[in-house]
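Let us take a walk through this structure together, with the coordinates open in your viewer.

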Amino acid sequence: MKKYIVIILTFAAVSVSAQKIAYVDVAYILKNLPQYETANEQLTMISKRWQKEVETLTQEARILTTNYQTEQIFLSDEMRQKREEEIVAKETEALELKRKYFGQDGELFKKRESLIKPIQDDIYAAIQEIANEKKYDIVKDRSSEPSLLYMSNKLDISDQVLQKLGAK
């Protein structure tokens with residue numbers, strides 16, 4: 001039984017050592033791609049514009065609330081009810097707009113996906129092309145490997161990916 005375990009472990013060690021591994025730093029690659037910077041700037045501008053719209057509605061709701069609190073004692077029951085409904089409607093409108101723009105499947109998410117995903121696809125295609133050319137069995141993302149303590153620079157193909165993408 002021990003003999004079989006030793007044989008299996010030896011076979012596993014030999015097969016692992018025969019694999020050719022490379023690393024890329026996707027964060028580094030993105031940072032050095034002008035089209036990624038342009039996409040990020042567009043997202044920032046859009047996000048600021050939408051945030052301003054949401055803040056405007058929120059501010060309008062605050063003003064309605066402040067005015068209501070000031071004038072409440074002078075209003076009839078019917079007028080109070082109407083003002084309260086206006087406040088709730090304005091707050092709801094602000095929340096809905098915020099959800100529409102910044103929610104889980106909101107406009108910002110969709111815009112980010114439409115701008116960034118093609119860049120990511122190009123990166124992964126370049127990585128795959130280099131891996132096929134150089135016969136790498138495994139290519140890992142160095143920027144997402146928290147347990148990676150050391151890596152030889154000769155295993156890093158990030159600059160090759162950038163060249164393939166036409167950057168630098």
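The paragraphs below look at aromatic rings, then at one alanine and its surroundings, and finally at the nonpolar core. Please keep in mind that this is a predicted model.

The structure holds 2 aromatic pairs. One of them joins Trp50 and Tyr101, whose rings are stacked, with 4.4 Å from centre to centre and 5° between the planes. Trp50 belongs to helix H3 (residues 34-71) and Tyr101 to helix H4 (residues 77-102), so this pair ties together parts that are 51 residues apart in sequence. Both Trp50 and Tyr101 are buried.

Tyr101 also pairs with Phe102, and here the geometry is edge-to-face: the centres are 6.3 Å apart and the planes make an angle of 80°. Is each of these two residues buried or partly exposed? Tyr101 has a relative accessible area of 8%, which is under the 20% limit, so Tyr101 is buried. Phe102 comes to 27%, which lies between 20% and 50%, so Phe102 counts as partly exposed. Taken together, Trp50, Tyr101 and Phe102 form one aromatic cluster.

Another ring worth a look is that of Tyr136. Lys20 lies over the face of Tyr136, at 5.2 Å from the ring centre. Ala131 sits in helix H5 (residues 107-134) and counts as buried, at 10% relative accessibility. Its C-alpha atom is separated by 8.2 Å from that of Ala22, although Ala131 and Ala22 are 109 residues apart along the chain.

Now for the interior. In soluble globular proteins, nonpolar side chains tend to be buried together. Here the largest nonpolar core has 30 residues, and those touching the most other members are Val24, Ile29, Leu33, Ile119, Ile123, Ile157 and Val161. Which elements give two or more residues to this core? They are strand S1 (21-24), helix H2 (26-31), H3, H4, H5 and helix H6 (158-164). H5 gives the most, with 9 residues.

Not counting residues up to four places away in sequence, Leu33 touches Ile119, Ile123, Leu162, Leu165 and Ala167.

Terms used
Residues numbered from 1 in each chain as written. Predicted model: local features only at pLDDT ≥ 70, side-chain atom pairs only at ≥ 80, totals over all residues. Heavy atoms only, no water. Phe/Tyr/Trp six-rings, centres within 6.5 Å; stacked < 30°, edge-to-face > 60°. Helix = DSSP H or I, 4+ residues; strand = E, 2+ residues; numbered from the N terminus. Buried < 20%, exposed > 50% of the residue type's maximum accessible area, 1.4 Å probe, protein only. Lys NZ or Arg CZ within 6 Å of the ring centre and 35° of its normal. Core = buried A, V, L, I, M, F, W, Y, C linked by side-chain atoms within 4.5 Å. Contact = heavy atoms within 4.5 Å.
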